[in-house]
Amino acid sequence: MNAVLIALLLLPLLGAAATLAPLGTGPQAERRALRLGVAVTGAVLLLTVVLAAGFDHGAPNRMQAVTDLRWIPAIGVRFHLGVDGISLPLIVLTALLTFLCAVYSTKRLPDGEGTPSARSFTGLLLLLEVGMLATFAVLDLVLFFLAFEIVLIPMYFLIARWGSGQRVMSANRFILYTLLGSAVMLLGFLLVGLQAGTFDMTELAAAHGRGIGHTTQVIAALAILAGLAVKAPAWPLHSWLPDAHTSAPTVGSVLLAGVLLKMGTYGLVRVLLPIVPDGTATFAPYLGALAAVGILYGSLACLALARPGAKGDLKRLIAYSSVGHMGFVLLGIASLSPVGVNGALFANIAHGLITGLLFFLVGAVKDRYGTADLDTLSGATGAALYGRAPRLGALLGFAAVASLGLPGLAGFWGELLAMFGAFDPAAGLSRPAFVTYMVIAGLGTLLTAAYLLVVVKRVCMGDPKQPAVVAEIPDIRPYEAVSWTPLAALTVVAGLWPALLLSLSDPAVKHLLGGG
């Protein structure tokens, strides 16, 4: 199985290199590049299925498919890969979303500056997949930093080259925030590695802070937390996200929300909790407070954008909703309890499925109407998507109720468990403070329902005979159905069978929190 994991990283890297090969010119070469992207991402998805099938589900707390080789002996850096019950679902989610984006792009390549180049787009998409998969598979702090950085360049160009509106400014803001966050995070990694004498994440997790002084742990935890909080994104370090989502092409928004945000929260669980536990406990109450504020802030921002006359952009609204939803993830992590951390990991996957679907749908609405402005779309009575494109409207309504946490769908369990974790946080944390955070989070769920129902009313309901931006719009096209159906189906499966994910994450979380 270690060969399968290596192939997962090597295959998209080779695919990205292949796009540089001379494939001819003209439309045929462009179509071949897009088909190459589908073939490579499809093969990677198949390998992740093989990896999941060969995974020992009886021991999800143990690292499996391990490769551990000397890489830079002078500083003790190793080429160390492996998966456990925490990283496996994220690897599968990454492969699935990248494949669906590649399929979608064969028929709807984003409109870029000048003549869109399918070869460049495919190469960037595959390079982005390498970095995303590597982030969840590496077990060395230096490798983690490198994988973390690999994703920045392709995402920058996807926004700046294939985006819309103020795409260059948005891309610059994205790269500036994330690079500064990564630099601070690297300082924390170096501090830990140099004092502990190793950068190996499994050895550091097993030591559970032994060999690292309390003051060093506090300083390192602050640096690592600040760096990862930018990518999470935690309020108030989130301000790059709405601009990036508003300007990014549809597939860029899907991967940004579905995977890149998870890299930050995954790092908190994989690095911060087990390696510097004393430092993490010091800052956990502050992280919980920022999470609670983020939940409330994201919901209020969405309500403001959803109201008539606000000229709210649908993509920007979904971006702000991510700030709120990721606040639940951060709250669960801040509780330092197995229940809360499991809820955070579940909410990570649920958010990837649901928000990925929402960005696909909002992108389709924008393509059909030529705008994502709510006031322009809805007019006097509403955009009447139920009447004009009933299947598209029904799927948008489904994604909205899944996002607001309807029981029986994936969005419910993660947020519920995160609030349970806040209700009974780990020993040493202030229970009154965390119960207060839980109450604020509960208010956030009500506000989330409010703004999403307003969006459904304004976009899906109304008089189909009213004057609209366009007279007629097509319903779901076949390539859209292929790209969106797996996300909708998995949202239902995860909601009805939460043990599918929790049985993987729970033993691994307890192992990490206990010094595994």
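1. Let's start with the overall build: the chain's secondary structure comes to 21 helices and two strands. Here helices (H or I, at least four residues) and strands (E, at least two) are DSSP runs, numbered from the N terminus. Keep in mind that this is a predicted model, where local features need pLDDT of at least 70, side-chain atom pairs count only at pLDDT 80 or more, and totals for chains, interfaces and linings use all residues. Residues are numbered from 1 along each chain as its sequence is written, and side-chain values use heavy atoms, with hydrogens and water left out.

2. Along the principal axes, the C-alpha atoms fill a box of roughly 70 × 60 × 40 Å.

3. How much of the chain is buried? Buried residues make up 60% of the 516; buried means under 20% relative accessible area, exposed over 50%, and partly exposed in between (1.4 Å probe, protein chains only). As for contacts (heavy atoms within 4.5 Å), residues 24 or more positions apart account for 82% of those with a separation of 6 or more.

4. Now have a look at helix H6. Eight of its eleven residues are buried, so H6 is largely enclosed by the rest of the structure. Among the buried ones are Leu152, Tyr156 and Trp162. The buried residues of H6 pack against several helices, including H4 (118-137), H5 (141-150) and H11 (250-275).

5. Glycine 165 sits in the loop between helix H6 (152-162) and helix H7 (167-196). Is glycine 165 buried or exposed? Glycine 165 is exposed, with a relative accessible area of 72%. Its C-alpha atom is separated by 48 Å from that of glycine 197, 32 residues apart along the chain.

6. Histidine 351 belongs to helix H14 (residues 338-369) and is buried, at a relative accessible area of 5%. Which side chain does the side chain of histidine 351 make a polar contact with? The partner is serine 322, at 3.1 Å. A polar contact is a pair of N or O atoms within 3.5 Å; within protein, one must be able to donate a hydrogen and the other to accept it, and residues adjacent in sequence count only if both atoms are side-chain atoms. Leaving aside neighbours within four places in sequence, histidine 351 is also in contact with residues including Ala257, Leu261 and Met326.
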